[in-house]
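Here is a short briefing on one protein chain. Please read the points below alongside the sequence and the 3D view.

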Amino acid sequence: ELSIQERMRHPIAFHAEMNGDIMYLHQALRQDDAADFVRAVVKEVNDHVSLNHWQLIKRSEVPEDATVVPSVWAMRRKRDLTTNAITKYKARLNL
């Protein structure tokens, strides 16, 4: 884990970390603005599907010899640095 001094070398990222604006999906779903995070997830999935990056299939339809790649959702509130107002909710699926 990085020391506080190391994390402070990147002030914008440090600010987001200290505000609790970076989290995993299970944490985001416990926030008061969980619905905004859900919309961000839906947008991310729809964008990938519409750009033909991948297609969604039910786990029950995955061939037995196929490997399911583990993944984790990273969620973030983006803020205006001058007002601290939330400007966007972002969701990224990390493999």
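**Briefing: sheet, helix, pocket and loops**

Glu 44 touches Trp 73, Ala 91, Arg 92 and Leu 93, leaving aside residues up to four places away in sequence. The model is predicted.

**Glu 44 and its helix**

- Glu 44 is part of helix 4.
- Is Glu 44 buried or exposed? Glu 44 counts as buried, because its relative accessible area is 10%, under the 20% cut-off.
- Helix 4 spans residues 34–50 and packs on the sheet.
- Helix 4 touches strand 1, strand 2 and strand 3.
- The direction of helix 4 makes about 50° with that of strand 3.

- Three strands form an open sheet in the order 1-2-3, and their pairing is antiparallel.
- Strand 1 (22–24) and strand 3 (86–94) are the edge strands, each pairing on one side only.
- On average, neighbouring strands of this sheet are turned by 20° against each other, with direction ignored.
- Strand 2 covers residues 72–79 and runs antiparallel to strand 1.
- How many bridges join strand 1 to strand 2? There are three.
- Met 23 stands opposite Met 75 of strand 2.
- In general, strands of a sheet pair through backbone hydrogen bonds, either parallel or antiparallel.

**The largest pocket**

- The largest pocket has a volume of about 500 Å³.
- Its lining consists of 15 residues.
- Which of the lining residues lie nearest the centre of the largest pocket? They are Trp 54, Gln 55, Leu 56, Val 68 and Val 69.
- By class, the lining has nine nonpolar, three polar and three charged residues.

**Two asparagines with positive phi**

- Asn 52 has a phi near 60°, a positive value in a residue other than glycine.
- Asn 52 sits in the loop between helix 4 and strand 2.
- Asn 52 is classed as exposed because its relative accessible area is 68%, over the 50% cut-off.
- Asn 84 is not a glycine either, yet its phi is positive, at about 70°.
- Where is Asn 84 placed? Asn 84 is in the loop between strand 2 and strand 3.
- Asn 84 has a relative accessible area of 32%, so it is partly exposed.

Definitions and conventions. Residues numbered from 1 in each chain as written. Predicted model: local features only at pLDDT ≥ 70, side-chain atom pairs only at ≥ 80, totals over all residues. Heavy atoms only, no water. Pairing = 2+ DSSP bridges. Helix = DSSP H or I, 4+ residues; strand = E, 2+ residues; numbered from the N terminus. Axes fitted to C-alpha atoms, helices over the stretch in contact; angles between N-to-C directions. Contact = heavy atoms within 4.5 Å. Buried < 20%, exposed > 50% of the residue type's maximum accessible area, 1.4 Å probe, protein only. 1 Å grid on protein atoms, 1.4 Å probe; cavity = no way out; pocket = protein on both sides within 12 Å on 5 of 7 lines; lining within 4 Å. Points joined across faces, edges and corners; volume = space filled by probe spheres on them. Nonpolar A, V, L, I, M, F, W, Y, C, P; charged D, E, K, R; others polar.
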